[in-house]
Amino acid sequence: MSSRHPAAALFTGLLSVAVLASCAASGGGSAEPPAAAPGAPGANLKSAPLSVVSAQFGVFGADPTGRRVLFETNNFPAITAAPYGWYIIFKTDKPTVVWREEFELPIPLDNWGPGETMGIYTISPDRKTAVTERIVPTRVGFIANEWRYAPGDPIGAHAIRVYIDGQLVKDFRFKIEDGPGTQERSPHGRTRGPIT
């Protein structure tokens, strides 16, 4: 059900989206990144060798020209194979960072799909959380991940927590509601699996 696209094409497309979104969030072509509010995720990174410029979550789609974009939302219907996820733009002088994603579901899943057996992510003992961890070069200046809804996936409140070098930088909370995908639930139990 879930999908990860670590391919260069995805990241190239997301970089364009990220730069455009960052410009829009900062009021146009401003050279200054938006400052994190006191107490907000990423606010404490000012004293660290990494600062978060922008962190966004939503549903991926295309603009009228066919370019991939992120439509920000924290509430969307269960539509089979619809991609949703996040990206974070950051600045650092370090050559690499370690990012960690903890994707928490409202209920445990019996089977998280082939991503679990392939080692793409690990599952918590309670079967509710998938943990993905990657070491990435920082020259591009952002990290991203996406999932896709599949038949049998739960609806309700979800959470994705993203850490960079061990520090929580964003806690995305969102809700997947009843939609066309919920009508196609698998009779063999709840499952989730990646597209790699």
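Ring pairs join F57, F76, Y84, F103, W112, Y121, W147, F172 and F174 into a cluster. Two rings of Phe, Tyr or Trp (for Trp, its six-membered ring) pair if their centres lie within 6.5 Å; planes under 30 degrees apart count as stacked, over 60 as edge-to-face and the rest as tilted. By this rule the count comes to 15 aromatic pairs. The model is a predicted one, where local features need pLDDT of at least 70 and side-chain atom pairs count only at pLDDT 80 or more, while totals for chains, interfaces and linings use all residues. Residues are numbered from 1 along each chain as its sequence is written, and side-chain values use heavy atoms, with hydrogens and water left out.

Let us begin with F57 and Y84, an edge-to-face pair with 6.4 Å from centre to centre and 65° between the planes. F57 belongs to strand β1 (residues 50-62) and Y84 to strand β4 (residues 83-92), so this pair ties together parts that are 27 residues apart in sequence. Strands here are DSSP runs (E, at least two residues), numbered from the N terminus. Both F57 and Y84 are buried, where buried means under 20% relative accessible area, exposed over 50% and partly exposed in between (1.4 Å probe, protein chains only).

A second pair, F76 with F174, is stacked, at 5.9 Å centre to centre and 10° between the planes. It links distant parts of the chain, since F76 is in strand β3 (residues 75-77) and F174 in strand β10 (residues 167-177), 98 residues apart. F76 counts as buried at 8% relative accessibility, and F174 counts as buried at 3%.

β3 and β10 pair in the parallel sense over three bridges (two strands pair if DSSP finds at least two bridges between them), and P77 has E177 in β10 as its bridge partner. They belong to an open sheet of six strands with mixed pairing, in the order β3-β10-β9-β5-β7-β6. At the edges stand β3 and β6 (122-123), each with a single partner strand, so one side of each is left without a neighbour in the sheet.

Now back to β1. It runs antiparallel to strand β2 (residues 68-72), joined by five bridges, and F60 stands opposite L70 in β2. The two strands form a hairpin with five residues between them, and G66 in the turn has a positive phi of about 90°. R68 lies over the face of F60, 4.4 Å from the ring centre; a charge sits over a ring if NZ of Lys or CZ of Arg is within 6 Å of the ring centre and within 35 degrees of the ring normal.

Charged side chains come next. The structure holds ten salt bridges, each a side-chain nitrogen of Lys or Arg within 4 Å of a carboxyl oxygen of Asp or Glu. One of them joins R67 and D63 at 2.9 Å, N to O. R67 is partly exposed, with a relative accessible area of 40%, whereas D63 counts as buried at 17%.

Another salt bridge connects K94 and D165, whose closest N and O atoms are 2.2 Å apart. K94 is in the loop between β4 and β5 (96-104), and D165 is in the loop between β9 (156-164) and β10, 71 residues apart.

Finally, R161 and E102 meet in a salt bridge of 3.1 Å, N to O. R161 is in strand β9 and E102 in strand β5, 59 residues apart, and both are buried. Salt bridges that share partners join R100, E102, E104, E133 and R161 into one network.

Methods
Helices (H or I, at least four residues) and strands (E, at least two) are DSSP runs, numbered from the N terminus.
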